[in-house]
Amino acid sequence: MITVTDKVFHLATDNSSYLFCVTGPGHLEHLHYGVRLPADQPAATLGVKRTAEVGSSVAYDESDNLYCLDQIPLEWSGTGMGDFREPPIEVVGGDGAYACDFVYGGHSVRPGAMTSVQLPVAYAGDDAAETLTVELGDEAARLGLTLEYTVFPATDVIARRVTLRNQGPTPVSLRRLASLLVDLPNRDFRVLSLHGAWSKEMHLSDRPLSHGIFVNSSTTGASSATNNPGFLLAEGRATETSGTVYGFNLVYSGNHRGVVELSHHDLARVTLGLNDHCFEWRLAPGDAFETPQAVLTYSGEGIGTASRHFHDFVQAHIVRGDWQHRARPVVFNNWEATFFKFTADKLFRLAKQAKDLGAELFVLDDGWFGERDSDTAGLGDYTVNRRKFPAGLPAFADKVRGLGLGFGLWVEPEMVNEDSDLFRAHPDWAVTTPGRRPAQGRHQLVLDLTRAEVRDYIVDNVGRVIDSTQAAYVKWDYNRALSDAYSPTLTTQGEFFHRYILGLYDVLTRLFRPRPHVLLESCSSGGNRFDLGLLCFSPQIWTSDDTDPIERLAIQGGCSYLYPPSTMGAHVSEAPHQQTLRDTPLTTRFNVAAFGCLGYELDLNRLNTVERAEIREQIAFYKAHRETLQFGRFYRSDRGVGAKPNKVVWTAVARDGREAVTGLFQTLSQASEGFDRLPVDGLDPAGRYFIATRPQSVFIERFGGLVKHILPVDLNPDGVILGVANKVHRLTDCVETYEAAGALLADGLLLSNQFMGSNYNPQTRLLGDFGSHLYLTTRE
């Protein structure tokens, strides 16, 4: 995995090589990150050549005018020595100077992955990873710098981290320290990043990299839906299946900053780490600062392969404990059915119906504690609302378990309402800035997790509720951004944002490491904190409060560029949808949610007979193919019908290759549309397969007044007769079955026609606006 020869470092994964060397003056020069190279590859062949003097450059040393740091691809850089590109570090010495210059001092290699006391990091056994430590130093500034590289060969991922130590006699002020720096020769790069806001998270942005600086950052106190920490660099013509692609991400849940700078000589500098917004960390003599871990991957086979590298990495080295590789349960959540208006009896009736439909776990959402009848009161309190639960919450949980369902619970421990017993007793525990009126979001303030007594309060109370109810699942919400950034416990307020996240990790560690059986689902008004840091504690994350499946195509599709479906909470809700007012078919709601951790979140009392039958069939199908849908290899298709602007195609292939589930989704219909060629990716080209449409319902009401053209009598489509018929009778959409070789399925299978305005028959696919089908492929 890691070899070192004559100060040339070769980090090899199964399909890639990462090489750098120590230059004569002692800097680390990046040589290659790309295709796997033989161990005896001469280093002189690699890297950017320096054979001509560049005008107006600053030489590092007068003895060599060709050695200009601004022209060299580096693994790390300082300031004040002639490298004018984006610096990974800004530190002010005791003398007020900013200059720093880190040169090689030594290295070591050991089996296993890097570890950390305070921060989450990827983990692996000694036989599954190897770690290189490179020591750098600046004698003049009396600073030591450690670069760590952990190689995870099987997933083609390399992790990096930086630690800065003050080795001098006076304090220094750290104002920026990236986790990663790498300089890559430009390949006409495009930057693929994920941006958004509440209810429209993870939307893909694909833009060309131009000269100047691209910044992908968050200042909200969380990794945020605004800009997810991860991003990809893809060569100009890269597709899902071809081309050079680099991926980057950060194992961190707070403010982050990723930068790609294209230099005037076509080197793309990538830095990623903590955001230096409002950041300052005082390092006393002997102190050290450790950055969050950054991860990177390389694919020579397109964007999809880079995504699958990250998927494999998350499942093997980020998610841990009892829920690693363990199928997630089908949940029913009461929120969209009841909001705050519920009683124990009302919830129990929903739980009985959920069990009858096939759900496996009942989740009690917001409103069970204190005076929580709206979002204006109660946060911070953990006394059970006896008006809603006269027998107490443990008794209600026992009744739910008596049905054969697991019991889960919603909490929002990082927040407090001013109208709460906690705030009245400890107003100083809320984050506020002295002399200023605190900014509120959703009528709530943030608790100061930099304070030990606040963390103790959360751990004690949440732990007590989990244990007393024997909860098997916890949904941990965080419903506002962190605006005020001040704590009276800190002497340097620039430490607040990072210390808050350290406090969060401390709380999660103390709560859930002793309770590994509890499935934690993190949430932050949806996907405002969807990151590798939280996934180290929370095997799945609520992807978005928007459950409209057409919006979810963009949200879950975007998320899949960095994260696997097994991490995405995805629910079927009522339509028209609360977030968009779009009216979508029940079948499409399931078909999209099936590519994630499935749940249902709607008023079951309003379902009719045929809708209940459809949901039972949906859940049965999901359970039968859950391992494939959650943990299979995930493909986004940009070929065949997947290339059409009104279509989306996803495929999940079982790890053993025996089956695949493909989703074909239509956003808007077009009049008299042409043929659809459905590609099924990831199969053995020589294998023989059977492919069939999953049977699904078509409800009579969808045809509206058109039914008069096929009925022998004229009936009012809004009348009693058709209203009753719609509740008890359903049609089956077109079911197609074929046998084909894997090579043909990869190229694309021609499907039956869509409805084109006339001559409906059972072989016609009825997609229309927002229609979809699932196809099950099995190997003979």
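This is a predicted model: local features need pLDDT of at least 70, side-chain atom pairs count only at pLDDT 80 or more; totals for chains, interfaces and linings use all residues.

Visitor: Okay, where does aspartate 398 fall, then?
Guide: Aspartate 398 has a relative accessible area of 42%, so it is partly exposed.

Visitor: And which residue does aspartate 398 form a salt bridge with?
Guide: That would be arginine 401, with the closest N and O atoms 2.7 Å apart. Both residues sit in helix α4 (residues 393-402), three residues apart, about one turn of the helix. Arginine 401 is partly exposed too, at 25%.

Visitor: How many salt bridges are there in the whole structure?
Guide: A search of the whole structure finds 48. One of them pairs arginine 85 with aspartate 70, the closest N and O atoms being 3.9 Å apart.

Visitor: Are arginine 85 and aspartate 70 buried or exposed?
Guide: Both are buried.

Visitor: Switching topic: at what angle do helices α3 and α11 pack?
Guide: About 60°, with their axes 9 Å apart; α3 covers residues 344-357 and α11 covers residues 609-624. The two helices are therefore oblique to each other.

Visitor: Which residues meet there?
Guide: From α3 you have Gln353, Asp356 and Leu357, and from α11 Arg612, Ile615, Arg616 and Ile619. By type, that contact has three nonpolar, one polar and three charged residues.

Notes. Residues are numbered from 1 along each chain as its sequence is written. Side-chain values use heavy atoms; hydrogens and water are left out. Axes are lines fitted to C-alpha atoms, for helices over the stretch in contact, and angles run from 0 to 180 degrees between N-to-C directions. Helices (H or I, at least four residues) and strands (E, at least two) are DSSP runs, numbered from the N terminus. Angles under 35 degrees count as roughly parallel, over 145 as roughly antiparallel, 65 to 115 as roughly perpendicular and the rest as oblique. Contact means heavy atoms within 4.5 Å. Ala, Val, Leu, Ile, Met, Phe, Trp, Tyr, Cys and Pro count as nonpolar, Asp, Glu, Lys and Arg as charged, and the others, Gly among them, as polar. A salt bridge is a side-chain nitrogen of Lys or Arg within 4 Å of a carboxyl oxygen of Asp or Glu. Buried means under 20% relative accessible area, exposed over 50%, partly exposed in between (1.4 Å probe, protein chains only).
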